[in-house]
Amino acid sequence: MDEKTYLLQVNSMACAACGARLEAGLKELAGVKEAAANVATGRVRVTAAADLPLHRVIEKVEALGFTVQREELRLAIEGMHCAGCAARLERRLQEVPGVVAAAVNFATGSATVTYLPEATAPDALTAAVAELGFKVKEPLVPAPERKPAREAQPFPYPLLFAALFTLPLLWMMLAELFNLPSPAVLHNKRLLFALGTLIQFGPGFVFYRQALAAARQRSTTMDTLVVLGTTAAYFFSVANTFWLGGPTYYETSGTIITLVLLGRYLEDRARRQTTAAVRELLNLQPATARVLRDGHEVEVPAHTVAVGDTVIVRPGERVPVDGRVVGGAAAVDESLVTGESLPVEKKPGDAVVGGTLNLNGVLHVQATGVGAATVLARMIRLVHEAQERKAKAQRIADRIIGHFVPGVVACGVLTLLGWLLLTGDAARAVLQTAAVLVVACPCALGLATPTAVIVAIGRGAKAGVLFRGGEFLETAARVDTVVFDKTGTLTAGKLTVTAVEAAPGYTTAEVLRLAAAAESPDAHPLARAIVARARSEGLALPESESFSALPGFGVRATVAGQIVVVGQERLLKEEGIAPTPLQEKAAKLRDQGNTVIFVTVSGKPAGIIGVADTVKEDAKAAVAALKQIGVRVILATGDHPAVARAVAGKVGIEEVRAGMLPEEKAGLVKELQTQGRVVAMVGDGINDAPALAAADLGIAVDTGTDVAGEVAGVILFRGDLRGVLRALKLGRLAARKIRQNLFWALIYNTLALPAAALGVLTPVVAAAVMALSSVSVVTSSLLLQRARL
């Protein structure tokens, strides 16, 4: 059955137990296959059957006591001629992933769309309109900037209200403890009752609401503990105020509520800093662009720029789209995708990436990628997706949290009974029970892993290294062997034809023309080099038919009625063709460091083509750095051993496996794994996909194919091989931070619960310690932002 994935920004998810309750509640909805809540980002990813409407998922979330962030956009539509057009457009808009509701008004020529900002964007809506032949004019209501919901933190009015009413209660308590003067009015129990009630059911009502929502789902959360603890202290004080005549503890319940609210405010503030890297990427997206229309410069919203438009970028401005320079020259800061601060000179013909900064000069850029198809949009999407994927340590913590709150409630009951039986002091029993309930902190445990993962993924993104989930960070920490592909990975992939040799009966021009015609549909760097050489010599390339790529071997196609095979020497052997007339010339080319490509026509050798590549400037340094941290480095390539050894010698790799087919590379990975090695495979092409998938950690160089990127756990933008070292270092740093966070969270709860139960901690101190525990875990994770990679 087809599935859909929804990403929802959820408010009021205050603790890890809330996230667990939300996951459990969503899984009860018919059609939901999986639900994963991330408390650190406030998002939940839902995988459901394709026929489950999005609004049903949202209704379920809100029935559980949470709210879902939605945004509304109004568009002016041109080209609607009847009510049928409006109905057709409305149906199409409702099919866009992330759209909650759409209403099209034919009379006003407008469309109002409610959508999830985490799942779609205005450019996706305008693209859907364009698909039906309509046109979007300027948005009637400008699209809001897509920033995480947690960026704008609302003013904490409930916290302020609670603090103001708690101060008199605290002053009364301190006056009694230290024999300080206090106004007579504060000795009035009815006044204390009024202040305590205002706090308990004013700012404290949020805890009751969330606890009640959890109870309806037969679940418990941190709110349950706060409600039980403060309610016990509050109603015990009410009984003493009106009936029993004993001391009151309104300051205890009021202070607990105030401190918990303060802790959540500080925690939320710290958590928003964990997504700083994503916000920085979002802020790189220009809101407007200058486009040449009919020879005139027009400023338009950036999301309305179409492929083929020419955009003008002035000094100090960011490039609004991916494109190719067609005029002008300038130095461009590309640090967002390379991690390097040195500017890159751009001239006509060079590619530029949306979001990069023009430092000087004026550029005319022809758009090749817009909206969601840009490199920057892809980076943001990958980072968002990565932050929602749970690491193994987080899944273990989630299982612990599922039993944590019920366990704490049981401890509270035992504490109450124990104090009553051993001392008979009901007041002390109630206070220490409240301390036990309040001091327990599942939040620290629940935030220990996701906050570290989010900060690490964001830090990697800024350095041009994109992890696709927390589990890959964990794996990167354990990698001890790295296997490199050669072409396009260790080498620049900018191949050039160095020699063409013809067999008797053929000319070099004919060999090159037939080979280029056969290779023209292929995207492999070798194919591109051969086609480029043929075109540079002005050769007319006939159409190829029945093209088929043979990964690891070459290609086969029909050209001008003849079957042309272009590829490695072993391909000729597979075809039963003897390369004897060309072997001596091929050996000479290989000795010179060339890759040799054989060309056969209708089953007979026609010629050979020598192709050379240059080693990437950073390859040798990257290999040396990996060896320095104790990583074993291997070169695995489908090329001839002589060529492989020549490249390996240049970059400092001693272990070489040459002449390998794609499945043999995967076999090498598995062989290393059976030896107990944790293997990372670095590659860029379709022939690397099996090995990337087989490896413990697949690292795709982004100059490669989509297939390589789909199976890899890490993507290196712009092919910077130093990113391999950065990925491994970041994985180790993140794993260490996760262990630290989990250790302190577990130690905190292990020590705090007995201390509260035995009377060492008062409820007020317990609340303060609990608030600080989760804040300290998040703050600890934020230190990863300073990691030197």
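Guide: Helices are DSSP runs of H or I of at least four residues, strands runs of E of at least two, both numbered from the N terminus. Angles over 145 degrees count as roughly antiparallel, under 35 as roughly parallel, 65 to 115 as roughly perpendicular and the rest as oblique. In this predicted model, α6 and α8 are therefore roughly antiparallel to each other.

Visitor: At what angle do the axes of helix α6 and helix α8 cross?

Guide: Axes are lines fitted to C-alpha atoms, for helices over the stretch in contact, and angles run from 0 to 180 degrees between N-to-C directions. The axes of α6 (residues 189-201) and α8 (residues 222-244) cross at roughly 155 degrees and come within 11 Å. Contact means heavy atoms within 4.5 Å; among the residues making it are Phe193 of α6 and Tyr234 of α8.

Visitor: In what order do the strands of the open sheet lie?

Guide: Two strands pair if DSSP finds at least two bridges between them. The seven strands, with mixed pairing, follow the order β18-β30-β29-β28-β19-β26-β27. β18 (465-467) and β27 (655-657) are at the edges with a single partner strand each, so one side of each has no neighbour in the sheet.

Visitor: How many bridges join strand β26 to β27?

Guide: Three bridges join β26 (residues 632-636) to β27, and the two run parallel. Leu635 stands opposite Val656 in β27.

Visitor: Which conventions apply?

Guide: Residues are numbered from 1 along each chain as its sequence is written. Local features need pLDDT of at least 70, side-chain atom pairs count only at pLDDT 80 or more, totals for chains, interfaces and linings use all residues, and side-chain values use heavy atoms, with hydrogens and water left out.
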